[in-house]
Amino acid sequence: METLEQLRESLQEATRLKEQAEWYRKESELLLGSMQTVLMADTPQEMFAQVFGVFKQLLECNHCFVLEAQKPGTLYCSACSDGVFSDSSWQVGGLFKRILQGKTLTTFRVAQIPEWESQPESLRSDVGSALYSPVELQDQTAILVLTSPDVGAFSKNDEQLVARFSALVAQTMANVSAKLLVTENQKLRAAKEKAESDLLHAEKMASIGQLAAGVAHEINNPMGFIFSNSTMLKTYIGDLSKLLSALNDWVAADSEPSPEQLTQCYGQLCELWEELDVDFLREDMQGLLDDNQAGLERIRDIVLALRSFSRQDEGTWEAYNLNEGLELTLKMVMNELKYKVEIRKDLQTLPKIYCQPGRLNQVWMNMLVNAGQAIERHGTITIATEPAEQGVIVTITDTGCGISKEDQARLFEPFFTTKGVGEGTGLGLSISYSIIEQHGGRIEVDSRVNEGTRFSIYLPVEPPEFEADQV
């Protein structure tokens, strides 16, 4: 049977074990919960803020900070719990060398340690002891420092706890770095896409700028005869007003006209009818109105084509018939071509393809303008479309000067051009190649000097990485 003294010792041991178990439970729960929070951090600053909060709950420390290498032999404070040590600089002595080699340890009476002696009194005034632990941050070893105003505040258990936690922090830092890398890649990708979109739009506007004089001429021609016809119609309306005024004199009379007056009225109207040549006026007015209607429709088509080409392409995908885009593009460039080029079309019935119509129309414009510029005096441009296996083929053939083998090898390089200064940016075919590639298609070129050039463009009905929710 146990004595009272033995029972007291057993009770004390049980109490000690219970307190120790409670401490370990609290430590484990705190570590687990804290690490889950730390893992959600998106930046090193957020992660260190979480880490410092954990240490202040686990240990009786007044300051927490991290020292990273700044240059050989020097460390600087990159993060601090309360800002007291922020941006401070530290010399690497024997103590820090041991820690950087992987040793976690505690020091007392920091005022007597060389690394602390070099710090201002304001920084070490409330530091009685410090605990140091190496932490792997990306490609370098840093030092995690915890301080306490009391001498001998940290135990061996505290050193082991911080060492384990530092290892977890290193893993977390790798996770944060990976997330930062992904975020940075996303930002770079978004910036690249915006730059490409801006370049596409700039090239589109440059192409329209080159066509501006021709477009202005296309609008000016119908505007000229509309203005002339309107002037003539105004004269005709004045003549008809004379006839109406003569009729009004008889219609507005207070009493019915006598037979003699009716005879007189009829004679006057016949005379005026012949004088004004009303039959000619009716026929000519109808012709003038028909001409004006055709001119206004021509202006409307040009304005609609300009609006379609000049608007910023936002990269939206939709089901589209390429024949419609080719017809629209021809309206835009026709004035550039019609005086020296005969256009031949062989547009077969096509399935709609998922594409970015505005960008493909820019391809057709680049191709047609280049084909027209390759023809010096007179020639032919043939535009043909046909369905193909799981896609469509667009062929644009000209009878121009052709392209040499050497130039064909560089044809799709950015800024490469065979044109004179001021005649082109050298981006048209490069951008066209990029657009077709984005659509999962391909461009093939067959050209012979002094015979002509043929561009064959294949486009799939549905691009390989097309997502339905983009439509």
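Buried means under 20% relative accessible area, exposed over 50%, and partly exposed in between, with a 1.4 Å probe and protein chains only. Both Trp-90 and Trp-116 are buried by this rule.

## Basis of the model

This is a predicted model: local features need pLDDT of at least 70, side-chain atom pairs count only at pLDDT 80 or more, and totals for chains, interfaces and linings use all residues. Residues are numbered from 1 along each chain as its sequence is written, and side-chain values use heavy atoms, with hydrogens and water left out.

Helices (H or I, at least four residues) and strands (E, at least two) are DSSP runs, numbered from the N terminus. Two strands pair if DSSP finds at least two bridges between them. Axes are lines fitted to C-alpha atoms, for helices over the stretch in contact; angles run from 0 to 180 degrees between N-to-C directions.

Six strands form an open sheet in the order 3-2-1-6-5-4, and the pairing is antiparallel. Strand 3 (89-91) and strand 4 (105-108) are its edges, each pairing on one side only. From one strand to the next the twist averages 35°.

Strand 6 (residues 140-148) has seven of its nine residues buried, so the rest of the structure largely encloses it. Strand 5 (residues 129-137) pairs with strand 6 over nine bridges, in the antiparallel sense. Leu-137 has Gln-140 of strand 6 as its bridge partner. Strand 1 (residues 63-71) also pairs with strand 6 in the antiparallel sense, over five bridges. Strand 1 and strand 2 (residues 74-80) are joined antiparallel by six bridges. Val-66 stands opposite Ala-79 in strand 2.

## Aromatic pairs

Rings of Phe, Tyr and Trp (its six-membered ring) pair if their centres lie within 6.5 Å; planes under 30 degrees apart count as stacked, over 60 as edge-to-face and the rest as tilted. The count comes to eight aromatic pairs. Trp-90 and Trp-116 have ring centres 5.0 Å apart and planes at 85°, so this pair is edge-to-face. Trp-90 lies in strand 3 and Trp-116 in helix 4 (residues 114-117), so the pair ties together parts that are 26 residues apart in sequence.

One aromatic cluster takes in Phe-65, Phe-85, Trp-90, Phe-96, Trp-116 and Tyr-132.

## Cysteines

A disulfide is a pair of cysteine sulfur atoms within 2.5 Å. The count is zero disulfides. Cys-77 counts as buried, at 1% relative accessibility. Cys-80 counts as buried too, at 16% relative accessibility.

## The mixed sheet and its helices

Five strands form an open sheet in the order 8-10-11-13-12, with mixed pairing. Strand 8 (341-347) and strand 12 (442-448) stand at the edges with a single partner strand each, so one side of each has no neighbour in the sheet. Neighbouring strands are turned by 10° against each other on average, direction ignored. Strand 12 and strand 13 run antiparallel and are joined by seven bridges. Ile-443 has Ile-457 of strand 13 as its bridge partner.

Helix 9 packs on the sheet and touches strand 8, strand 10, strand 11 and strand 13. The direction of helix 9 makes about 175° with that of strand 8. Helix 10 lies across strand 10, strand 11, strand 12 and strand 13, running at about 20° to strand 11.

## Nonpolar cores

A nonpolar core is a set of buried Ala, Val, Leu, Ile, Met, Phe, Trp, Tyr and Cys residues joined through side-chain atoms within 4.5 Å. The largest has 35 residues. Those with the most contacts inside it are Leu-322, Leu-360, Trp-364, Met-367, Ile-381, Ile-457 and Leu-459. Elements that each supply at least two residues include helix 9 (322-337), strand 10 (379-388), strand 11 (391-398) and strand 13 (452-460). Helix 10 (357-374) is also among them. Helix 10 gives the most, with eight residues.

Contact means heavy atoms within 4.5 Å. Leaving aside neighbours within four places in sequence, Trp-364 is in contact with Leu-322, Gly-325, Leu-326, Thr-329, Val-394, Ile-396, Ile-457 and Leu-459. Apart from this core lies another, of 22 residues, among them Met-47, Val-54, Val-135 and Val-162.
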